[in-house]
Amino acid sequence: MMSEIILILYTTKYRKGGDKFKRVARTMKDELSSNGSEVISLSIESKAEIKEIFKTLASQNKSIKEFHFIGHSGMYGPMYGTVAYPEQFSPYELKKLVIPFAHNAKAYFHCCRSARWFAPYFSRVQNVTTFGYHWYTSFSSNKARYKLDVSKDPFKPLYCFGCPGKKSHGYLTSVKKYLGLVKAEPLKEFKPEQGEIDSTYNSVAELYNNVFQDIKVRSDEYKWIISHLPKNKDINVLDIGCGNGALLKELANKITSGTGVDISKNLIRFAKNNNVKHSNLQFEQLNGPELPFKDNTFDLVISMLSFRYLDWDPIMKEIQRVTNPEGKLLIIDMVTAPVKLTEYPQLLRSKLKHYIHRIRYKAFYKNLRKLVHNPNWKGMLKYNPIRSEHEMKWYIESRFPGRKVEVINIGYNARIIAFDTESMENIKNINLSYP
Ligand SMILES: C[S@@+](CC[C@H](N)C(=O)[O-])C[C@H]1O[C@@H](n2cnc3c(N)ncnc32)[C@H](O)[C@@H]1O
C-alpha cells in the first residue's frame, strides 16, 4: 500500500547557519505534523544522500505529497556539501532525478532567490507545482515579518523566508528590517509550463552573429586565451559553447584541429557558415552534457563565456574523459560580484580600457545595442541567468585544488574571471548523481 508523506530536507554544513536551518526544520515539522500527516525531516549534505533518500522512500512505497528544502542556494538552486567541495544538481541532473512525488504534489524551496530560475525549472522538469522566494532569505523568530532571532534555545521556533534586505535593497531597508517593519515575502508559485520551451540562444542567433564576427572585440578574454595556449601548436582543441565559431576561426591557423560544440542549432549553423574556408574546423550541436567524442581526443578544451550555463559536474566528467591527461581546460566567464574597495585600482584600469575599446570598436557597440535591446535577448536571459563569483570560484577551485581563479576585468557589479587547469591530472574526483 502506498502512503503519502511530507518530506523536509535541510543542510547544515554548506556555509553558515547550519544549526539554524535545523531549528527551522524542527519548527516546520512540528507545524506540519499537527494535522496528523506523517512528516519525515532529515539533514542531507550531498547529492548522493538525497538521491538515496528518494530511492529508499520509493522502495518503502512512500510518495511525497509535500517536499520542503531548507538551506542555502545558488542561482541554479540548492547547495549541498561544503564550501571546500560544493555540490549542486545541474539542470541535467535535476531532469534525471527520480523523485517519488504523489499526484498533485507540491515542492517548496526555502532558500535565497529560488524563484528566479530554479523553481520554474524544477516545476517543468519534475512536473510538480513549485514554490520559491525571489529575494534572499533570512532567519526570523516571527513567521509573518522579520524579527531578529537572539535565542540560543535550539527548541525555540524559527522561520526562514525571503524578504528585502541590505544586499538587495540597501541600508535603508536594512534599518527597516531590524526595526521589524519588513514583511515575509509570500512564496511564489510556479505550475509546470506545458509545451516545449526554447531556452537557448536560437532566437537571438542572427543578432549575436552580427555582434561577434571578430572575437578580438572580447579583447581581455581573447588575449588571456592566447597567452595560455600550449606552446606546442600541434593540438586538437574543443570549444564548448562555441557560439558562432568566432574564437576557433581566429585560432584555426594556430592549431591542428578545432571542434566547436554548442546547444544552439542556429549558432552552430552560423559557426559552420563562418568557417567554410577552414577545413581543420568542425562544429556540432550538443543536446546535453555528453560529449560525442572518444576518450583522450583533445589537448585543449576552452569554455569561453559559456561555463555559467553548463552542467558543471557532468560536463567536467566528460571534459576529463575526452581530454588527454596532460591536456588542459581554460575557463573564462562573466560572474556577478560588487566591486570591493581594494579593487578600485583594477576597476579604474578596466574602465579606461573600456573607453578606449568603445572608440576603437564603434560598429561592435552599435550591433551590441541592437542585440541587448531585442526582446528575445531578455527572454533568453530569463532562462540563462548569470552566476555569482563565489559560486563559480568555489566550484572550480574545489575540483582543481591548489589552483586559483584570476580576475581579468572588473566592473561595478560584474567581472570576468579566468582559470587555467594546467593539466587535467589536477582534477579531483567528480561526484555524479546519475549512472
Ligand atoms: C555568451 S555565449 C558565448 C559564445 C562564444 N563562446 C563566444 O565567446 O562568443 C554562450 C554560449 O553558450 C552556449 N550554451 C549555452 N548553454 C549551453 C550548453 N548547455 N551546452 C553547450 N553550449 C551552451 C550558448 O548557445 C552560447 O553560444
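Modeller: Happy to! One term first: two strands count as paired if DSSP finds at least two bridges between them. Keep in mind that this is a predicted model.

Let's look at strand E8, which spans residues 101-110. Seven of its ten residues are buried, so the strand is mostly covered; buried here means under 20% relative accessible area. E8 has a partner in strand E3 (residues 62-70), to which it is joined by six bridges, and the two run parallel. Within this pairing, Phe 67 has Ala 107 of E8 as its bridge partner. E8 also pairs with strand E9 (residues 129-132), through four bridges and again in parallel. There, Tyr 108 stands opposite Phe 131 of E9. To get from E8 to E9, the chain passes through helix H4 (residues 118-126), and this β-α-β crossover is right-handed. As a general point, side chains in a regular strand alternate between the two faces of the sheet.

Along the principal axes, its C-alpha atoms fill a box of roughly 70 × 55 × 45 Å. Buried residues account for 54% of the 435 in the chain.

Conventions. Residues numbered from 1 in each chain as written. Predicted model: local features only at pLDDT ≥ 70, side-chain atom pairs only at ≥ 80, totals over all residues. Heavy atoms only, no water. Buried < 20%, exposed > 50% of the residue type's maximum accessible area, 1.4 Å probe, protein only. Right-handed = clockwise from strand over helix to strand, strands pointing away.
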